[in-house]
Amino acid sequence: MSLHQSPSETRSASPDLSSFWGSLLALIAGAVYPLAFAPLNWWPIAPLAVAAFYLCMQHSQTARQAMWRGWLFGFGLFGVGTSWVWISMHRYGDTSVALATLLTALFCAALALFFVIQAALHHRIARNPLWAYLGFPAVWVVGELIRTYLLTGFPWLLLGYSGLDTLWQGWSPVLGVYGISALFALAGVGLAKLIQPEDSDRRLPAILVIVIPALLGLLLFTLQWTQPTTQAPLKVMLVQGNIEQNAKWHPDSAMPTIERYETMTQKAWSGPALVVWPETAIPALLNDAYSVMTPFADDLYQRQSALISGVMTRVEKEGTRSYHNSLVVLGDGLGLYHKRHLVPFGEYVPLESVLRGLIAFFDLPMSQFSKGDLNQPELTAMGHKISASICYEVAYPDLMRRSVGDADMLLTVSNDTWFGGSFARYQHLQMVQMRALEVGRPMVRATNDGMTAVIDHQGRITQQLEPFRAGVLTEEVQGYEGQTPYMRWGDWPLIILSVLLTLAGMLVRRRQA
């Protein structure tokens, strides 16, 4: 709809987006936005939803109306896209249906405030064709960065993830996921201009901002930023135990669980291999499990093999004691990794003195962990250097990028049982694929009940186990070396550009006022 149309022309052409219809459109656009992500991967919905959001912002008459629509968009997005937290609260947090529903609604309502910030920034950007193309993508990226780093951060369902397996994915090793977010936001503006062009001579720019980045992305994807190492491919065995979550933490379950993983490993054995067990596969402190694991570790060493397993650890340092969610290397290898970015309420409780014990959800197993050091050496196994991460950490692109170092492959473990059968586990795997693509390294991922998978250096899933079933995935993985542009520069060029464009757009708007 043209901003220059008369009210009568507007009513006859389309609903008046400055009224109730604009707010309804914002809510609907947010609610359909998650459908662009895994497992549905209806990616065209993402730029279309962004186009609708852009139109809602453009037709907001006041800052208050813009922020209300931003909140509606965010509530629709998180209400559909992250409602899986209800499963964690009710099924595993022993919270009643009513209370879990209330807490989930409050969680989504709070997350929607990030889009209130984004809408407020957009409202202050100059409203002319130039700043439509420059300012809106810049504000979108600034909004996603705020969502990533403010407080504990929640970088879930970033727009750029919907660009995986599209023409735009070639930008990932250059600009990272936020870069694809910017390009999809730009495409959203282009679509909005095509849907309601102000005049015919503006169709060409709208088409070009969609087509040119897509074609350049296709070209970039053909480039090999990293190269295979001279080492022979490493045989990996990823063990998916499918241990029932509540039974796993029963005091009598530790030994049967360890024996289950050992038995599954032995049955699938076919020569030297790196065995990977998922997050906290050993449901006991490493200090206590060493005696049980020593015979198995010795056997691994004799077979020129190694095991990397999730485990809990206790660290005594300068008279203080801390507990960590960790990874340990046994057999032919060395290393101990402590998780650096913890999940609030799942692994630690904010305002613990107030909330601990208030309801069962605030007393989940493993909710008293401490963070590991930010800079930790790579794990070594069978002559390979491996960059490790645990579960939620893969949601943080810069954390993963800075952890690569000299590693020739990436490894992550998780326990997505907390998500039940929801879309969350598929969304999580999509993030893992993007991390591999950004740094040009293969990624191996072991989980308790899915999604266990091997991803190549271009973010493609080469093999995957069926969820909710025990199994062992075996594959040869070739290590890679070298640096992608994103590894060298990270998000800083895009951060600086987005902030400067946002500030410039605000300055232009102020001078026009």
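Trainee: Which residues lie nearest the centre of the largest cavity?

Mentor: This is a predicted model, where local features need pLDDT of at least 70, side-chain atom pairs count only at pLDDT 80 or more, and totals for chains, interfaces and linings use all residues. Residues are numbered from 1 along each chain as its sequence is written, and side-chain values use heavy atoms, without hydrogens and water. A cavity is a set of points on a 1 Å grid over the protein atoms alone where a 1.4 Å probe fits but cannot get out; lining residues have an atom within 4 Å of a point. The largest cavity is lined by 13 residues, and nearest its centre lie P173, L223, W225, H457 and Q458.

Trainee: How does that lining divide by class?

Mentor: Ala, Val, Leu, Ile, Met, Phe, Trp, Tyr, Cys and Pro count as nonpolar, Asp, Glu, Lys and Arg as charged, and the others, Gly among them, as polar. The lining has 6 nonpolar, 7 polar and no charged residues.

Trainee: How are helices α3 and α8 oriented to each other?

Mentor: Helices are DSSP runs of H or I, at least four residues, numbered from the N terminus. Helix α3 (residues 45-58) and helix α8 (residues 129-149) pack at about 110 degrees, their axes 12 Å apart. Angles of 65 to 115 degrees count as roughly perpendicular. α3 and α8 are therefore roughly perpendicular.

Trainee: Which residues make the contact?

Mentor: Contact means heavy atoms within 4.5 Å. The residues divide into 6 nonpolar, no polar and no charged. They are V50, F53 and Y54 of α3 and A132, F136 and W140 of α8.

Technical notes
1 Å grid on protein atoms, 1.4 Å probe; cavity = no way out; pocket = protein on both sides within 12 Å on 5 of 7 lines; lining within 4 Å. Axes fitted to C-alpha atoms, helices over the stretch in contact; angles between N-to-C directions. Helix = DSSP H or I, 4+ residues; strand = E, 2+ residues; numbered from the N terminus. Parallel < 35°, antiparallel > 145°, perpendicular 65-115°, else oblique.
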